[in-house]
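Please read the following briefing alongside the sequence and the three-dimensional structure, which are shown here.

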Amino acid sequence: MKQKQTHHVVITYSFLIFVSLSFIGPMIFTVFSSFKNNNEIFSTPFSIPKIFRVENFIEAWNAANMGTYFFNSIVISVSTVIILIFTASMVSFILSRFNFKFNKYLSVFFLLGMMIPMQSVLVPISYFVGVLNLKNNLVALVLVYVAFSLPFSILVLTGFMKGINNSLIEAAIIDGASFWQVYLKLVLPLSMPAIATVSIFNFLGAWNNVVFPLLFINDNKLKPITLGLLNFNGERGSEYGLLMAAITITVLIPLIIYMLFQEKIEGGLTAGAIKE
Amino acid sequence: MIKKIIKSLTLCSICLAFLACGDESKDNDKVKIRLLTRMAGTSNSVKVYKDIISQFEQKHPDVIVVDESQGDESSFNNKLKTDLASGTLPNIFRIQGVANLGEYVDTNLLADMKPILDEDKEWGEGFNKGALNYYTIPGKDGIYAIPMEQGLMGFYYNKDLFNKAGIEKFPETWDEFLVAIDKLKDINVIPIALGAKSTYSVGHLHNQIFYRWLGVDAAKKLGSREIKWTDPEVVQTLEFIKVLNDKDAFSPSAPGISNDIATTQFKNGEAAMIFTGPWNISTFVDPEKTPVYANIDFAKFPYFKEKAEFKNQDMQVISPYMISGNLKGKEKDYTIELLKMLTSKDAGIRYVNEAEFLLPRTDFEADRNKVGELFLANNTLAQTSDGIGVDVFDFDKIPSMQDRTRNSIVSVLMGASPMEAGEEIQEEISRKE
């Protein structure tokens, strides 16, 4: 029995170590490469840098205009997340708690949005953005992100809200709470774990997107960090050392956000358990 | 918590509104010139390009130049495709290939450059005639682009490794070339550095074999469907790729590595030669980037004895600037002025001396104290071309032929027969037409 348990532990840990290495590997490669030049990256891709070229980070910061682009990326991503929290949770509240004639059709309608590939609508969206003179408008960019992230967010939040104990809501209504109060003071706080999960996806989606800012933003003052990274790609060659340095800096912020939200998820889950 | 979120939302909205407005009111009175080219990145040629744009802006404070150029191919294509489809074409842009230009002329997306070239003789007559003629369209009068880059594709080779292998000079004929490959293998070096994961590198190699075997006009005949990819003579051009592969002229890992890695193999002296364009010269002469920099020389692709008439039918790189056909008034005048500045004799001198980047003009010479021997060798041999082609698919109206032809040629390295590769390409044509 004990031997069986030891085998089980060995297999589990081997698997976990393998998975961890496969995730950490690319990150280590990126960090090592950020100190190298092209020649060293391609001749000894996985070795520790012979010389630590710290100047790569300085040059990358300047060449990618990272100070401004960082700020823009944060504004775009945070705004997208906040708008999505409210819009998606309101829709989800209605879909999960109200029985009306078109409830199912409405759910399917939102789900259909997930089936539309982004590439297939680039031309019509950029046509409208052009016609409505919305180029170089961050609000328009944020709204496009919101539109594309809404179906997934609604799907997750609706599923979660359906699981909230109905007696809690009924008790609140008996105590005189309006639907708005039920939503704002009861359902929204109870849904925080799901909101945190959805927010991570939405934040990363907005932070990493290249295509929409590439098409809609050409003012250097408004560009996000992903467009800054493209500065290192030339027609016939790229400065991979600088690019990796820029990526290392860029990855830091989402990494911190992710870690913060991870904590929230755990906290939220515990809070939910106590209320139940 | 909720209050905090509401506060954040309000703050963000204010920030967004503030940012979104920016200096629009100030900028609204200015003429805006948008550029969408491939001149992006950190190379010296891009620095010259950006510097010329800054000079133009200083000269004209009432103009804003918005440079949306993208080095990355898919980003560039996405941007150009959506701009073309949504009718928001930039003032100066670039379309690769010449097969579809007729359609763009018919829809007034492209401006005819001939009147502008004729009007300013000093600027207009300085261009290489062959490069200008590349942008004429059968059945239409006019010239529809200004060439902004030209250079001969060929073999950059390591003289030291060739000497060690007992090869005194770079082979001139295909047969001599095959003998040289055997000799290079005998000293345990990779004869030809190739990274087929970057499919364009194999595509370029095939282009040059194609022009040496069938001539540049044959590519036009493929485009006009006078000949097919399954015709024996065309299949033979794919057969030559197989011959090189069967001879182990490439590294066994060639199908899986990128062109960057292959170029590094050559720069580190692990490979004896690489088929590429002049854009690599600045790194090939840099001791920090290329340890074997002192041993590198340049040669044209060998010719086939039985096809001596195509000895100088060469693959060259020709890249264009095009102007939107919808421009009017002041915006048009400023756009033309900027285009002239970017392609003037002075720009040509700066590009060549500061970046070893060749503007296709004949009215200046490179400063021999500033440019290297390698650049001069490339430039001298480029003058011997009596037929110039870029990519074979440039003459094909089907946009997917770029990927189709390159992928099928790569499949020959993976074991497909040349006929199978030819049939695959021909099937794509049949399906799309």
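Asp182(B) counts as partly exposed because its relative accessible area is 29%, where partly exposed covers the range between buried (under 20% relative accessible area) and exposed (over 50%), computed with a 1.4 Å probe and protein chains only. This is a predicted model, in which local features need pLDDT of at least 70 and side-chain atom pairs count only at pLDDT 80 or more, whereas totals for chains, interfaces and linings use all residues. Residues are numbered from 1 along each chain as its sequence is written, chains are lettered from A and ligands numbered from 1 in the order in which they are written, and side-chain values use heavy atoms, with hydrogens and water left out.

**Salt bridges**

- Asp182(B) forms a salt bridge with Lys247(B), and the closest N and O atoms of the pair are 2.9 Å apart; a salt bridge here is a side-chain nitrogen of Lys or Arg within 4 Å of a carboxyl oxygen of Asp or Glu.
- Because Asp182(B) lies in helix H10 (residues 174–186) of chain B and Lys247(B) in the loop between helix H13 (232–246) and helix H14 (259–267) of chain B, the pair ties together parts that are 65 residues apart in sequence; helices (H or I, at least four residues) and strands (E, at least two) are DSSP runs, numbered from the N terminus.
- Lys247(B) is also partly exposed, with a relative accessible area of 22%.
- Lys220(B) forms a salt bridge with Asp217(B), with 3.8 Å between the closest N and O atoms, and both residues lie in helix H12 (residues 216–223) of chain B, 3 residues apart, which is about one turn of the helix.
- Both partners are partly exposed, Lys220(B) at 41% relative accessibility and Asp217(B) at 49%.
- Asp363(B) and Arg361(B) meet through their side chains in a salt bridge with an N to O distance of 2.9 Å; Asp363(B) is partly exposed at 26% relative accessible area, whereas Arg361(B) is buried at 7%.
- A network of salt bridges links Lys135(A) with Arg34(B), Glu68(B), Lys79(B) and Asp83(B).
- Over all chains, a search of the whole structure finds 28 salt bridges.

**Second largest pocket**

- The second largest pocket has a volume of about 1,500 Å³, the volume being the space filled by probe spheres set on grid points that are joined across faces, edges and corners.
- A pocket is defined on a 1 Å grid over the protein atoms alone, as an open set of points where a 1.4 Å probe fits, with protein on both sides within 12 Å along at least five of seven lines, and its lining residues have an atom within 4 Å of a point.
- Of the 50 residues that line this pocket, Asn218(A), Asp219(A), Asn220(A), Val66(B) and Asp67(B) lie nearest its centre.
- Elements that each supply at least two lining residues include helix H3 (55–63), helix H6 (122–131) and helix H12 (225–230) of chain A, as well as strand E1 (31–36) and strand E2 (63–67) of chain B.
- H3(B) provides the largest share of the lining, 6 residues.
- By class, the lining holds 17 nonpolar, 16 polar and 17 charged residues, where Ala, Val, Leu, Ile, Met, Phe, Trp, Tyr, Cys and Pro count as nonpolar, Asp, Glu, Lys and Arg as charged, and the others, Gly among them, as polar.

- Chain A has 13 helices and 2 strands, its C-alpha trace spans about 70 × 70 × 30 Å along its principal axes, and 42% of its 276 residues count as buried.
- A nonpolar surface patch of about 740 Å² is made by Met27(A), Val251(A), Leu252(A), Leu255(A), Ile256(A), Tyr258(A), Met259(A) and Leu260(A).
- Helix H13 (residues 240–275) of chain A gives the largest share of this patch, 7 residues; Leu255(A), which is placed in that helix, is partly exposed with a relative accessible area of 36%.
- Patches are made of residues with over 30% relative accessible area and no salt bridge, with like charges joined within 9 Å and nonpolar side chains (Val, Leu, Ile, Met, Phe, Trp, Tyr) within 5 Å.

**Loop residues with positive phi in chain B**

- Asn188(B), a residue other than glycine, has a positive phi near 60°; Asn188(B) lies in the loop between H10 and strand E6 (190–193) of chain B and is exposed, with a relative accessible area of 70%.
- Arg225(B) is not a glycine either, yet has a positive phi of about 65°; Arg225(B) is found in the loop between H12 and H13 of chain B and is partly exposed at 25%.

Note on methods. Accessible areas come from the Shrake-Rupley method with a 1.4 Å probe; for residues, only the protein chains shown count as cover.
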